[in-house]
Amino acid sequence: MSTVKSQDTQQSLAAAFVVIASGVVAALQIGKLPPALPALSESLGLSLMQSGFLLSLVQLAGMSLALAVGLSADGLGLRRSMLAGLIILGLASGLGAFATSVSELMLWRAIEGFGFLWVTLPAPGLIRKLVSEQQVRKLLGYWGAYMPAGTALTLLVGPLWLPMGGWQTWWCLFAVLSWVMAGVLWRFVPADVLNAQVKAVIVEAASPSPMQPVSSAPIAWPQRLRETLSAPGPWWVALCFAMYSGQWLAVVGFLPSIYTQAGLSGATLGVLTAVAAAVNMGGNMTSGRLLQRGLHPSVLLGLGFLAMASGSFVAFSELTSSLPWLRYAGVLLFSSCGGLVPGTLFSLAVRLAPHERNVSTTVGWMQQGSAAGQFAGPPVVAWLASQVGGWQWTWMATGLCCVGGWIFSLLIAKTLNSQERPA
């Protein structure tokens, strides 16, 4: 009996890691653009402002549709939603490879953003259903690393691939990866992971009580939407994520362009930018372990934003202009300790959801805030750099985001305390 239970646990863990791997593949679609910006500028004539909008355009779907996608994922099925997202990502990336103008490439980039939502929004809820309560916080911390993992891989491989294969084959590569990942998800993640609300309906239908009428349908989406948006927790995690995501994508997304202007290229450029993105994974995974040990989420959020403010000042201030390695150390501090923020927020989204049936909806609202930050961050930083003739005031924009993040982390702490206070 224990052997069977152990096998089921191992299969559930394997399925959860397949879900995380699907998120990494989706993040590859986001991360494929930064290393390709120099090639796209040469091929399609991208300006600096157009590069900023192209970086953030994939978030247009998230900014406008994340909540709706989260609602539909809660109702239609988490695994089915992820499969659809991976297929859409593959189609958009494959067709984007044949774009002949900036506007056409932007169109396919926006569709990629829609597929990205279908993959990433249901994932935390699906992980929660697959693993035990003891494992969920650690695995959600791992899930928080999906974005830096995908970004790091593309930043590492891109400078080596693009000079030989060009950006069109780069796009085709990720189309194939998305379709392969859809097959793996279909094979290893069980299809009968039911919504808790549906399970309750099945149980009640099997043994109806004469004292209570049997509910014949899950909670309708208007009620789930009302429950989510009337609670303060989903708002605070969404706004806090916006403060983090906008500055992280702006800094890491423009690193290849910044270092290219500084005269770096090839393997050196790839390694430096990939490491800057990869160290963010350490912060995400560390947040899951620290939360599992009982450290309060607001402490992790405060430390993460403090490190991002300090790191960006060191990386971009004119005071360090003659110390390139110190500047790079500032980038590593910004990204690594900043990783405490998303890992913590994914765990908080599960805890602050009004009900288990609202988890994907809450994650969708948080992703909508994240997408709004990523949509605004790169163009704002690009505009600031074009106005002052360099990147030396970038730390001011990121510092303002950190101040906002500290404020929202305090509101999150207040909301958690009110939930835990006995009636």
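Modeller: A residue counts as buried when its relative accessible area is under 20%, as exposed when that area is over 50%, and as partly exposed in between. Please keep in mind that this is a predicted model.
Colleague: Okay, so is Cys 240 buried or exposed, and why?
Modeller: Cys 240 is buried, because its relative accessibility is 0%, and that is under the 20% cut-off.
Colleague: And which class does Cys 337 fall in?
Modeller: Cys 337 is partly exposed, because its relative accessibility of 28% lies between the two cut-offs.
Colleague: How many disulfides turn up in the whole structure?
Modeller: Zero disulfides are found when the whole structure is searched.
Colleague: Switching to the surface, which residues make the nonpolar patch?
Modeller: Ile 87, Leu 91, Val 176, Trp 179 and Val 180 make a nonpolar surface patch of about 460 Å². Helix H5 (78-96) and helix H9 (146-188) are the elements that each give two or more residues to that patch, and the largest share, three residues, comes from H9.
Colleague: Where does Leu 91 sit, then?
Modeller: Leu 91 is in helix H5, and with a relative accessible area of 46% Leu 91 is partly exposed.
Colleague: What about Leu 121, buried or exposed?
Modeller: Leu 121 is buried, with a relative accessible area of 0%, and its place is the loop between helix H6 (102-120) and helix H7 (123-130).
Colleague: What separates the C-alpha atoms of Leu 121 and Val 363?
Modeller: Although Leu 121 and Val 363 are 242 residues apart along the chain, their C-alpha atoms are separated by 6.0 Å.

How values were computed: Residues are numbered from 1 along each chain as its sequence is written. This is a predicted model: local features need pLDDT of at least 70, side-chain atom pairs count only at pLDDT 80 or more; totals for chains, interfaces and linings use all residues. Side-chain values use heavy atoms; hydrogens and water are left out. A disulfide is a pair of cysteine sulfur atoms within 2.5 Å. Buried means under 20% relative accessible area, exposed over 50%, partly exposed in between (1.4 Å probe, protein chains only). Patches are made of residues with over 30% relative accessible area and no salt bridge: like charges are joined within 9 Å, nonpolar side chains (Val, Leu, Ile, Met, Phe, Trp, Tyr) within 5 Å. Accessible areas come from the Shrake-Rupley method with a 1.4 Å probe; for residues, only the protein chains shown count as cover. A salt bridge is a side-chain nitrogen of Lys or Arg within 4 Å of a carboxyl oxygen of Asp or Glu. Helices (H or I, at least four residues) and strands (E, at least two) are DSSP runs, numbered from the N terminus.
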